[in-house]
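The sequence and structure are shown first.

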Amino acid sequence: MLNRMTREIASPDPGRAENGARVDHLLVADMVPPGSRVLDVGCGDGELLQLLERRGVDGRGIEISREGVNASVAKGLAVVQGDADTDLADYPNDAFDYVILSQTIQATRRPREVLEHMLRIGRHGIVSIPNFGHWSIRLGLLFGGRMPRTNNLPNTWYDTQNIHFCTIKDFRDLCGVVGAKMERAVAVNHWGKPLRLPAPWWFWNMFGEQAVFLLSRGKNGKRGGQ
Amino acid sequence: MAEAVLKPRTTVSDRVQQAENPLSQVARFGPDCPLKLDGGQELAPFQVAYQTYGALNAARSNAILVCHALTADQHANNVHPVTGKNGWWDVMIGPGKPIDTDRYFVICSNVIGGCMGSTGPASTNPKTGRPYALDFPVITIRDMVRAQAMLIDYLGIDTLFAVIGGSMGGMQVLQWAASYPHRVFAAVPIACATRHSAQNIAFHEVGRQAIIADPEWREGRYIEAGANPRRGLGVARMAAHITYLSDAALHRKFGRRFQDRAMPTFSFDADFEVESYLRHQGSTFVERFDANSYLYLTRAMDYFDLAADYDGVLAHAFKGTRTRFCVVSFTSDWLFPTSESRAIVHALNATSARVSFAEIVTDKGHDAFLLDEPEFFAMARGFLGSAAQARGLAG
C-alpha cells in the first residue's frame, strides 16, 4: 500500500498535461476555436471554463452545486446555479456556438431532451460520456454478477448520481434519434487521453473508457422547444 | 439580534433637523439642476445626503455605490447619528470585508423621498416654507437612481466599479444597469425582483393604511402639529417585519415562549416573546423614521416594473449590456423568492450578459442579506475580487 502511494506521488499525474490542465479538458478545449461563445453545462468548479477563457473563448456555465458555483465565481467566471434538466429550456435559440456537457449527460433525468436543447441553444455540442461498454465493465457484470464499479464510476448503484448509463454505440443511436450530426468522435483512455488508432466502432465500444463527441445540427435536425 | 437601548423619544425638531441639515455629507442641487421625475414634475432645489468610506483612487475607477433598502439610510458603515447603532451593513463593508474599504471607495446615499437628509416629504417646501408632506411628488425607483447619478456626477465619477444592494436597493441596482449600462462595470442585485408582486403591494398597502388611519397622522401634516403617528407607523413596521423573517427563523428565535412570565395573563398584554419583539421593533422604528417617507418609499417599490419600461420584455432592459452581474437569492426569502431572481437571470441570459447566480441556503428569510451569511460573503468576495481584476484595480 505504502509502495503504491509513494509511486503515485512520485510520478506525474497521467491525467494532467505538463501545464497542469486535465487531459480530457484539453481534448474538449481543442475542439473549440478562440472567439467562440460557449456554455458549459455542469461546469463543476469551472476548471474547463477557465481553460477555455484563457484561450480567448467567451464562456458561461451552469452548475447544480453551490460549492461549484462559488468556486467558479471566485475564478471570475460567469456561472449560474441551475439544473440541466430544467433550466436549459430558458436559454434562447442560437445563443452559443458550442454547448458542452462534460461527463454530465448520464446524470440527467432526460438525456434526450437535454441533447435536443443543447443543439437548439448552440450550433455545436460537445458531449463526453463514460463508456459502459468497456471490456472491464462487461467482464465485471459477467463474472462478478454485480453492477460494475470502476475508478471512473466508483459509486454503488444506489449512491451514484449517474442514472442513465450508455455505451458508445448507445450514444450514437441517440444522436441518430435527435438528428444530430457526429462531426468527430474520440475514444479516450482512463485519463482522457485520446486513443490514436484507426479502428471500427465495436473496437472503441470495447476499449474506450470514455468518449468525446463533437456534434452539430444535422440536415434534418429538429430544433426543439421555443 | 442585538436589542438597542431604547433611546428617548425624538422630537419633531430632531426629525426636521435630520431632514434638512443631517449629520452626514450632503450634495445640494440648486434651482438650475432640477431632478426630473417620472411623474412629470421637477424637484428643485433638492439635496442628497450621503456617506463615503475608503479612498477614491487616482483613476476614479474604484467606486462602489451601495443602495439601501426601504427603511435603511446612508449610514451603512458608521454609527447611526439617531439610533447610536452600528452601520446597517457593517458585516459587509470595511477593511478586509467583501466590500473592502482598503480597496474600494464606497458611497451610500439616502434615497430621494427618504428622511435622513435627502429631500423627502419631511423637507421644507420652498414654495410654502412648510414641510412638503403630501405635496411632495410621488417618486419612483428610477427617480431615486436619477438622483444618485447626479450625485455620482457631483463626485466627479464617470463609471462605477460596482452597484450593490438588497431588496429595494436591489431594485435600484437593476435600474442602474438598465438606465446607465455604460456607467456600471459590475452589478450585484440581492434578494430583489424586477417588479413588485401583488402580494408585495398588498403588504405595503396594509402598512400605509395603518399610518393613514392613525389620527396623529393629521392628513400628513403631523410635523407642523408637533405630532407623530407612532401607532400607525409602528403597526406598519410590525407587519412588514414579519415579511422580512421566515417562519423557521421566528420559531427558532421565539417559539411559543412567554415574555417574563410563566403563565398567560388572559389579557392582550404582550404575553409571548414574539409579540414583545414586534412591539419593540415598531416602537424603536418610529423614533428614527418619518411616516410620510414610509408612504412614499413603499409606493415607489409598488410602482417598480422594469420590463414595463421596455415593451414588457425584461430582456430588452439589458440589451447589449457589458455589465457583469452577480444575482443572489436566499432559500427562505418569501418576500422576494428565488423565482424572481431566476427571472432576472433568464432575461440576462437572453441578452448574453455575463451573469452569475446562486441561491444561498438559509432559514433567516429576506433579511438574510443584512446578516452574517458566510456563503453569501464568499460569493460576493469572489465576484468583486475577480471583477476588480478585470477592471485593473490593484489587489
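## Basis and conventions

Helices (H or I, at least four residues) and strands (E, at least two) are DSSP runs, numbered from the N terminus. Residues are numbered from 1 along each chain as its sequence is written, while chains are lettered from A and ligands numbered from 1 in the order in which they are written. The model is predicted: local features need pLDDT of at least 70, side-chain atom pairs count only at pLDDT 80 or more, and totals for chains, interfaces and linings use all residues.

## Arg230(B)

Arg230(B) is found in helix H5 of chain B. It counts as partly exposed because it has 18 C-beta neighbours inside 10 Å; the class lies between buried (20 or more other C-beta atoms within 10 Å) and exposed (12 or fewer), with C-beta atoms placed from the backbone. Leaving aside residues up to four places away in sequence, Arg230(B) touches Glu216(B) and Val286(B), contact meaning C-beta atoms, placed from the backbone, within 7 Å. Ile211(B) is 19 residues from Arg230(B) in sequence and 8.3 Å away in space, C-alpha to C-alpha.

## Packing of H4(B)

Helix H4 (residues 198–213) of chain B packs with helix H5 (residues 230–244) of chain B at an angle of about 165°, their axes 7 Å apart. Axes are lines fitted to C-alpha atoms, for helices over the stretch in contact, and angles run from 0 to 180 degrees between N-to-C directions. H4(B) and H5(B) are therefore roughly antiparallel, the class for angles over 145 degrees. By class, their contact has 10 nonpolar, 3 polar and no charged residues. Ala, Val, Leu, Ile, Met, Phe, Trp, Tyr, Cys and Pro count as nonpolar, Asp, Glu, Lys and Arg as charged, and the others, Gly among them, as polar.

H4(B) also packs with helix H8 (residues 291–303) of chain B, at about 160° and with axes 10 Å apart; this pair is therefore roughly antiparallel. The contact is made by residues including Ile201(B) and Arg208(B) of H4(B), and Tyr294(B) and Asp302(B) of H8(B). Its residues divide into 6 nonpolar, 3 polar and 2 charged.

## Chain interface

The contact takes 20 residues from chain B and 15 residues from chain A. On the side of chain B that touches chain A, H11(B) gives the largest share, 8 residues. The residues of that side divide into 10 nonpolar, 7 polar and 3 charged.

How values were computed: Parallel < 35°, antiparallel > 145°, perpendicular 65-115°, else oblique. Contact = placed C-beta atoms within 7 Å.
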